[in-house]
Amino acid sequence: MTVFGLIIINKAGGLIYNKTFHDGGLNKISTNDYLVLAGTFHGVHAITARLNPLQSGSAGDRSSTSATGMLTRPEPSSGLEVLESENFRLQCFNTMTGTKFLLFTDTTQANVDLTIRRIYDLYSDYVMKNPFYQLEMPVRCDMFDRKLNSYIREINNR
């Protein structure tokens, strides 16, 4: 089980952090490609969050029918959360502020949602509480890097 990399995207779709943890995992891409990937994912995530099909008004679903008998839409979806291929899995965690954490893992990696939550906790503790960090700007916090590397090394060595 392996964690390959992490990308953090700000609420405007800009890349603010990227880190590769396992050299044998994903192919190397340029910094420009990471910027394109962040912007593209941000757009796809926004579109998938708006996709909300009409559903029938059965008792088990969250949609309802209006007084005229017309179908209504259920609660809004959260957008793209998991993208899985035969070689890797991409898990997205979207915070309440719109920051997105994209974690690239092996397809057999267990508890990816817990891993990404722990990474978010590290981000909250060592980036957001850093008085020198400016919101929406690239993350340059040594303590965050050290704690993140330690945590991912622990996961990759299991």
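## Basis of the model

Because the structure is predicted, local features need pLDDT of at least 70 and side-chain atom pairs count only at pLDDT 80 or more, while totals for chains, interfaces and linings use all residues. Residues are numbered from 1 along each chain as its sequence is written, and side-chain values use heavy atoms, with hydrogens and water left out.

## Overall fold

The protein chain has three helices and five strands, in the order β-β-α-β-β-β-α-α along the sequence. Helices (H or I, at least four residues) and strands (E, at least two) are DSSP runs, numbered from the N terminus.

Of the 158 residues in the protein chain, 34% are buried. Buried means under 20% relative accessible area, exposed over 50%, and partly exposed in between, with a 1.4 Å probe and protein chains only. Among contacts (heavy atoms within 4.5 Å) between residues at least 6 apart in sequence, 49% join residues at least 24 apart.

## Helix H2

Helix H2 covers residues 112-128, 17 residues in total. From first C-alpha to last it reaches 22 Å, close to the 24 Å expected at 1.5 Å a residue; the expected span is 1.5 Å times one less than the number of residues.

The buried residues in H2 are Val112, Thr115, Ile116, Ile119, Leu122, Tyr123, Ser124 and Val127. In an α-helix there are 3.6 residues a turn, so residues three or four places apart point the same way. The cover over the buried residues of H2 includes strands E1 (3-9), E2 (15-20), E4 and E5 (100-105), together with helix H3 (142-156).

## Gln91 in strand E4

Gln91 is found in strand E4, residues 89-94, and is buried at a relative accessible area of 10%. Leaving aside neighbours within four places in sequence, Gln91 is in contact with Glu81, Val82, Phe101, Leu102, Leu103, Val112 and Ile116. Two of these, Val112 and Ile116, are also among the buried residues of H2.

The side chains of Gln91 and Arg89 are joined by a polar contact of 2.9 Å. Such a contact is a pair of N or O atoms within 3.5 Å; within protein, one must be able to donate a hydrogen and the other to accept it, and residues adjacent in sequence count only if both atoms are side-chain atoms.

## The largest pocket

The largest pocket holds about 350 Å³ of space. Of its 20 lining residues, Ile7, Leu26, Leu37, Phe88 and Phe104 are the closest to its centre. E1, E2 and helix H1 (31-50) are the elements that give two or more residues to the lining, and H1 gives the largest share, five residues.

On a 1 Å grid over the protein atoms alone, a pocket is an open set of points where a 1.4 Å probe fits, with protein on both sides within 12 Å along at least five of seven lines; lining residues have an atom within 4 Å of a point. Grid points are joined across faces, edges and corners, and the volume is the space filled by probe spheres set on the points.

## Loop residues

Asn111, in the loop between E5 and H2, has a positive phi of about 55° although it is not a glycine. Asn111 is exposed, at 52% relative accessibility. Glu136 lies in the loop between H2 and H3 and also has a positive phi, near 70°; Glu136 is partly exposed, at 30%.

Gly98, in the loop between E4 and E5, is buried at 16% relative accessibility. Not counting residues up to four places away in sequence, Gly98 touches Ile9, Asn10 and Lys11.
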